[in-house]
Amino acid sequence: MNIAFRYQSRKYLMRLVLSVSLLLIVLLTASSAVLYVHTERTVLDIQQSASEKMLGQTIYNLDSMNEILKTTIISSYYDTDVSDFMYADLRDTYTLYQHLAALERMMKAAPFLHSIVIFNERNQCYYSYSPSAIQACQPDGGGLLTARYVAEHPSLPKLTLLPVSAALDGGERRPIDYFSYAMYSDKPTGGQQKGMLILNVRPDWLFAQLSGINRLKDSGTGRMLLMNGAGELYDPSRRSWSAGGELYESVLREMSSSGKNADLYVHGAGGNKEIVSYMQSENYDWVVVSVQPYAQVFRDILRMRTVSFYIIAIFLALALAASGAVALRLYHPIEILLRKVRGSLLAAQPESGADRRDELAYISSAFDRTLEQVHLLERSQDDQGRILRDYALKTIVLESAVTAPEELLELIRHHRLRIVPDLPYVLIGFHADDIRPQQADPVDRLAYAGAHAVPLIAAEALEPWDRLELIGMENGCTIAIAGLSGPDDADREELMTRARAVQAQAQARLGLSLTVTVSPRGLQLEEMSGLYARLLDYANYRMIAGRMAFLTPEQLGPNLHSGQFLSSPELERRLSEAVKAGHEERAYACLAEWFRSLCGLKYEQMLYGMFHLLGTLHKLVEEINANRLHPVALDTREMYGLLAEVDTLEEAEQLFRDRMGAIVAGLNEPGGEQTHQLVAQTVHEIIHTRYMDANLCLPEIASMVRLSSAHVSKLFKLKYGAGIPDYLNEVRLQQAIVLLSQQDYSVNQIMERVGFTNQSYFFRLFKKRYGTTPKEYRLRQVL
């Protein structure tokens, strides 16, 4: 057992060693790769700078040689003796040799010349002079290489070095015999060949300079090439030219993509990689290309990489040994901790070694259990502290008038409340509209829960205020106690602005309508309970302002200082006459005048005025029913309950308008119509009280009210807009929805409890009405 545990306890140690070693390997490899890439980039930059200087010198030499040739041929072209060679009739032998002497002088003056060729326009024949041979008036050139080249190239370019080869070597590469440089007139000759002067330049003169620069640059390991626009490459080392091939296409692609006249790039792959530098001449279409072996340029870098691999391998071997020693040293505290918790953890683990976890799992298990207990204690302490803090705030708000000042100060100090006793303060109340905490309807309970989220929204909006406390009261109202910095109203106005923001956010986030009330300035803590009572009183005046009201003492001043409600006998008389006469509009006008008189009163006087109106209406109905065979109905008890629930005068006025309209309609209806209404209401009550009876149906209901099925169904449909069977099924389905949401009965039990006996009929009606089966509906409610 001990051996197995010791082996198991070393698993974390092995992971520690491997992690440290892997980290070292990754760091060394990454740093070496970054260093190598950076070094390669630096070498390429240096090589590019050196190549640009070398290529620039080469371009300069080519331009200089071109200028020498240009000067030589132009001066010779306009020489009299040379001009006669091109345009005079030289059939006289003496004159011919006299002009050949001029060509000899030219050859001696220009040692770089291979030969001189002149085409005589009049005789249409070639004259050639070279140190080794002289040819005179050969009409077809007499096998002259220059004449053959001119014949193959009718549009011979002027003042341009043109390579001329006599033989084809291997089908691809041609040795260059010389470079021709031509000069001729642009005047038309009537279809005959023009007279021209051609200087043939020895290739050694050009290639010797290029080869010398190449040797100075890289000790002869690279190649210096010339490339023209015709797709040909000239190799000075072999003194030949060939088709451009892949290298030519590569240079063209690079020039096109980079848009530069001079650049450096890497060509090829693997062992055939080469560094290619190019620069284009501005005077003619030649491009000087330098090609160097990649391995030769980077031989020191590659050598450094090989050495670095050996160094890294040696360092890793040493690092593994060192990391093992360091890991053992770091692991020692874990092993000590493991011994302390091992007993209890081994008792909780199975004996099988295959499923056994490592040592950190043992320690983590003990730590998790301990941490869970600590969190339970912290939550318990936090809950207890919050409850005590809320109790202290509620004591200050509700009982400050009957609590000694010393006790209030002790509550503030002990619970570290953000209330400064020496500073003035205001109370701000956030009252949820349309919330009835005592109601049991689930929707209302959800809205009531939303009202309890108001402190969170208020804390967010009022967060920058450091002298602020928020407390949620049992009546659903949230109270903010905010300290003011001085006697001016700047802080109070700022608080009111933030309170409006809370009102807007509650509406936007929760769809909750809030009425906000602001108290007068308070100077002493003992006044706080009185100010809280005022806030609750101010909230009642949303009866005038409506929902989402923002009420301040300044705004409610006229109402708070108003007198008692005084009824108007004249208004009561006109209202009574309008109702008795059945004039709805006159009755509504009197009703509107009555409520306008209530707007400027105190809240309790408003209530008194509304209940006085109800008493007047009740007395009026009694007078009407005293002389009618069919009495007009007015449920005074129901009206009292509805008036207690209205929030605004507008709602109360609408309630009275509805009841008054019903009274006027009852006066205008014949007696039989009231009977029909009574039958429909009775059937409605029967359905809602006996819907769970499976035997309840249209014939059963008709027998209860002693009418035929067709007649009772017609009366019910006129009143409620649906037939009795359809309405009965709708009531049963609504009750099934309530049971599915709130009870744990099975679907069959719910079906029987709402009055259905046929399961397939119940499922068909339910899916038709709600688009899903009862089981799926319950599952959606759970999710």
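This is a predicted model: local features need pLDDT of at least 70, side-chain atom pairs count only at pLDDT 80 or more; totals for chains, interfaces and linings use all residues.
Local features are described where pLDDT is at least 70, side-chain atom pairs count only at pLDDT 80 or more, and totals for chains, interfaces and linings use all residues. Residues are numbered from 1 along each chain as its sequence is written, and side-chain values use heavy atoms, with hydrogens and water left out. Helices (H or I, at least four residues) and strands (E, at least two) are DSSP runs, numbered from the N terminus.

**Confidence**

- The average pLDDT of the chain, where pLDDT is the predictor's confidence in each residue from 0 to 100, is 78, and 80% of the residues score at least 70.
- Residues 1-5 have a pLDDT below 50, and this stretch has six contacts in the model beyond near neighbours in sequence; contact means heavy atoms within 4.5 Å.
- Residues 345-355 also stay under 50 in pLDDT, and the model gives them 13 contacts beyond four places in sequence.

**The five-stranded sheet**

- Five strands form an open sheet in the order β15-β16-β14-β17-β18, with mixed pairing; two strands pair if DSSP finds at least two bridges between them.
- At the edges stand β15 and β18 (550-551), each with a single partner strand, so one side of each has no neighbour in the sheet.
- Strands β15 (residues 468-472) and β16 (residues 478-483) run antiparallel and are joined by five bridges, with I471 opposite I479 in β16.
- The hairpin of β15 and β16 has five residues between the strands, and G476 takes a positive phi near 85° there.
- Strand β17 (residues 514-518) runs parallel to β18, with two bridges between them, and V516 has F550 in β18 as its bridge partner.

**Helices on the sheet**

- Helix α14 (residues 490-510) packs on the sheet, where it touches β14 (425-432), β16, β17 and β18, and its direction makes about 170° with that of β17.
- Axes are lines fitted to C-alpha atoms, for helices over the stretch in contact, and angles run from 0 to 180 degrees between N-to-C directions.
- Helix α15 (residues 528-539) lies across β14, β16, β17 and β18, at about 35° to β14.

**Helices α18 and α20**

- Helix α18 (residues 569-581) packs with helix α20 (residues 603-625) at an angle of about 45°, and their axes are 11 Å apart.
- The two helices α18 and α20 are therefore oblique to each other; angles under 35 degrees count as roughly parallel, over 145 as roughly antiparallel, 65 to 115 as roughly perpendicular and the rest as oblique.
- On the α18 side the contact uses E572, L575, S576, V579 and K580, and on the α20 side H612, L613, T616, L620, E623 and I624.
- This contact of α18 with α20 has five nonpolar, three polar and three charged residues; Ala, Val, Leu, Ile, Met, Phe, Trp, Tyr, Cys and Pro count as nonpolar, Asp, Glu, Lys and Arg as charged, and the others, Gly among them, as polar.

**Helices α24 and α25**

- Helix α24 (residues 698-705) and helix α25 (residues 709-720) have axes that come within 9 Å and cross at roughly 90°, which makes α24 roughly perpendicular to α25.
- L698, P699, A702 and V705 of α24 meet S709, V712 and S713 of α25.
- The contact of α24 with α25 has five nonpolar, two polar and no charged residues.

**Helices α26 and α28**

- Helix α26 (residues 724-742) packs with helix α28 (residues 759-770) at about 85°, with axes 11 Å apart, and the two are therefore roughly perpendicular.
- Residues of α26 in this contact include L733 and I737, while those of α28 include F762 and F766.
- The contact of α26 with α28 divides into nine nonpolar, two polar and two charged residues.
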